[in-house]
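Please look over the sequence and the structure before reading the points below.

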Amino acid sequence: MGTALIYDEEMTRYKLLWVDPSCKIEVPERLIVSYEALVKSGLADRCVSVPVREATDADILLVHSEEYLQAVKTTPFMTLEEMQDFCAQYGDVYFHPNIYHCATLAAGAALQLVDSVMTGKVRNGMALVRPPGHHSMHNAASGFCIFNNVAIAAQYAKQKYGVKRVLIVDWDIHHGQGVQYCFEDDPSVLYFSWHRYEHQKFWPKLRESDFDSVGKEKGAGFNINLPWNKVDMQNSDYLSIFHHLLLPIAYEFCPDLVLVCAGFDSAIGDPEGEMCATPDIFAHLTHLLMNLAGGKLCAVLEGGYNLTSLAQSVCQTVQTLLGDPPPRPANLDGPCQSTVESLHCVRSTHRQYWSCLKHAADLPTFDVSTKDLSLDESLNSEESKEEHVWPEPPKRLTPAIRAALLLPDGITCPDGCYRQSVSECLDPLIVTKLKENILTDSEDDSNALSTLSSLIDLVEKMEKDEVCSGLALVHDVSKAMKCVVPHAASALKNRVLVICVGDGKVPIHVSEDGKVLMVQLSNKESQEPESRYFIPVCLKKGCSDVSGFIQAILSLLLPLGYEYDPSLVVLVQMSDSGLCESMWLQLTSLLRGLAQGHMLVLMQKGNEACVSPTASSLLGDPAPSLGPLVAPLPENVESVEMLRHRLKADWKLLQTTAQDIG
Ligand SMILES: COCC(O)(O)CCCCCNCCCN
Ligand SMILES: [Zn+2]
């Protein structure tokens, strides 16, 4: 199934007709440069083009009042003065004779996207729309928004498709107060928004945008606000919030549909956001959401005012929706102090609502609301705002072969995958190396020899970007590891992240040089690790504690993986991994976000049934939903937390509390 792209140039046909400094950034070119970048990059052609439609009155009345709709309907017939008077009652929004029509198309586009995804016509999609939506309220326009496109889409999905749970992720840099108000008491819609806040000094300057607005009555816990109290936030800050706040709750909530208020004013260069996160981060944010709801994800454009970073960010998002692995995240750092404070506050505030946060620390004792008087922001006047420059996002080449499989005879190769032939012509150099290090002389049977040298051949194709990912079903995964890992680590620029799932003994000694980072997920008592680069994660009852396992992945393994930034991931399914298939597929899919998708999966013969589903993960298909999660086993939470506490000095992306940051 493909990716829908919804765009209609009619939505470029309105603009600001008078002088208003607060509205001048919302220009038609925003849509034009975004669409043109998708066309120029060839991404538009890879999408399924879906037409817009006009939202009906009934659609709009799902969120807005009759009188508000009627009032907006009169604007096309207003004089300029009447329009300006009409705007004066709202904040930071302008009207135009054609804006009502465009607003019905923007809302209609979001509904077309929901229809396309919910009917299975496409897997996911993006709608490029204006006017944006997340500020508009039941009775009022606000912040360039007329109708709340995403809120209408959520109500529509519930009403028309009986969707039980909708997750709305709002990565726009402004708080979508309109969405918050709409679903405040509704436990079927989980609204997550991060937003520039600066202790209520930044627009829309609302007290209810702070982290303690958790929702009301039945909706308590289903509204999550992450305030950015400083600017210049970076990729590490954004990833930390996803790993330690949004994703654990999202997996526990287990949505049937994910809607994204995809505003790109949170990208570097934007005059509103003044953040430093680079456009490629949106590939990772998208990727990290794509394994929820079985991949049913609808992204709807909100803000984004730097035409360069907007266009780049839109392309990063769409390319990931198409299944291409994200680019390697450039030089991640840890989250900054302000981020960790906000993270700490939100986690402890939501602890009572979400079992994944039960272990979260208490609210910090120090007064988090200390205005940072040291650097008076007002000094930060126009002149001193240096022009941000950033490199073009890395070319995300899509290797000719997305997944190459090395399978024993008799096992069919799943569709879309390339069968790695067991090489006949063995490279004598490799043969000797194998004989010396791996094969005991007794069994230098040609079969093992050819399998292992084919494995090496596969890894080399991955290094040359001829192949994106690989899967090998072998007799002995330990031997395969001993053959592949040292070989891959020996290449100069390589860093190899090895994840072993299962209780077998890891057959590789991990040196301190950092070329290999080994993580073993098993139910073996966690002994003291031999080296800084061997991390044993002990999960009782194997991996049947699904929520304990997903917690370990999201708040331990992924932060480690992103910070380590490997060039290759080797994922080993030891014989007795005891992992349920859907958990295994979530792990495979999530790890694809690393190493630009260069992942080699080693599976023990006997797990034939798992080959095809794993291959579809390697092809970019979303993993099936895990279903609603119960509380993780306390002893698993305990062991993961202890490990995290021990490792966070070395691995800064593991920090979640103000104390952590030291
Ligand atoms: C939902 O639309 C996307 C948006 O959130 O970006 C709208 C932002 C309105 C920002 C209003 N203040 C502008 C001050 C100009 N310096
Ligand atoms: Zn915005």
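In this predicted model, the lining of the second largest pocket divides into 7 nonpolar, 6 polar and 6 charged residues. The pocket has a volume of about 510 Å³. Its lining counts 19 residues, and α11 supplies the largest share, with 5 residues.

**Second largest pocket**
- A37, S41, C315, E392 and K395 are the lining residues that lie nearest the centre of this pocket.
- Two or more lining residues come from each of the elements α1 (29-40), α2 (43-46) and α11 (307-321).

**Ligand 1**
- Ligand 1 is surrounded by 16 residues, and D92, H134, H135, E272 and Y305 are the closest.
- The shell around ligand 1 divides into 5 nonpolar, 6 polar and 5 charged residues.
- H135 places a polar side-chain atom 2.6 Å from an oxygen atom of ligand 1.
- For H134, the distance from a polar side-chain atom to an oxygen atom of the ligand is 2.8 Å.
- In the side chain of H174, an N or O atom is 3.2 Å from an oxygen atom of ligand 1.
- On its own, ligand 1 has 460 Å² of accessible area, of which the protein covers 87%.

**Sheet from β1 to β8**
- An open sheet of 8 strands runs in the order β2-β1-β3-β8-β7-β4-β5-β6, and its pairing is parallel.
- β2 (48-49) and β6 (223-228) stand at the edges with a single partner strand each, so each has one side without a neighbour in the sheet.
- Strand β3 (residues 122-127) runs parallel to strand β8 (residues 297-301), and 4 bridges join them.
- Within this pairing, L297 in β8 stands opposite N124.

- Strand β13 (residues 516-522) pairs with β14 in the parallel sense over 5 bridges.
- C538 in β14 is the bridge partner of S522.

Notes: Residues are numbered from 1 along each chain as its sequence is written. Chains are lettered from A and ligands numbered from 1 in the order in which they are written. This is a predicted model: local features need pLDDT of at least 70, side-chain atom pairs count only at pLDDT 80 or more; totals for chains, interfaces and linings use all residues. Side-chain values use heavy atoms; hydrogens and water are left out. A residue is near a molecule or strand if one of its heavy atoms lies within 4 Å of it. A polar contact is a pair of N or O atoms within 3.5 Å; within protein, one must be able to donate a hydrogen and the other to accept it, and residues adjacent in sequence count only if both atoms are side-chain atoms. Accessible areas come from the Shrake-Rupley method with a 1.4 Å probe; for residues, only the protein chains shown count as cover. Ala, Val, Leu, Ile, Met, Phe, Trp, Tyr, Cys and Pro count as nonpolar, Asp, Glu, Lys and Arg as charged, and the others, Gly among them, as polar. On a 1 Å grid over the protein atoms alone, a cavity is a set of points where a 1.4 Å probe fits but cannot get out, and a pocket is an open set with protein on both sides within 12 Å along at least five of seven lines; lining residues have an atom within 4 Å of a point. Grid points are joined across faces, edges and corners, and a volume is the space filled by probe spheres set on the points. Two strands pair if DSSP finds at least two bridges between them.
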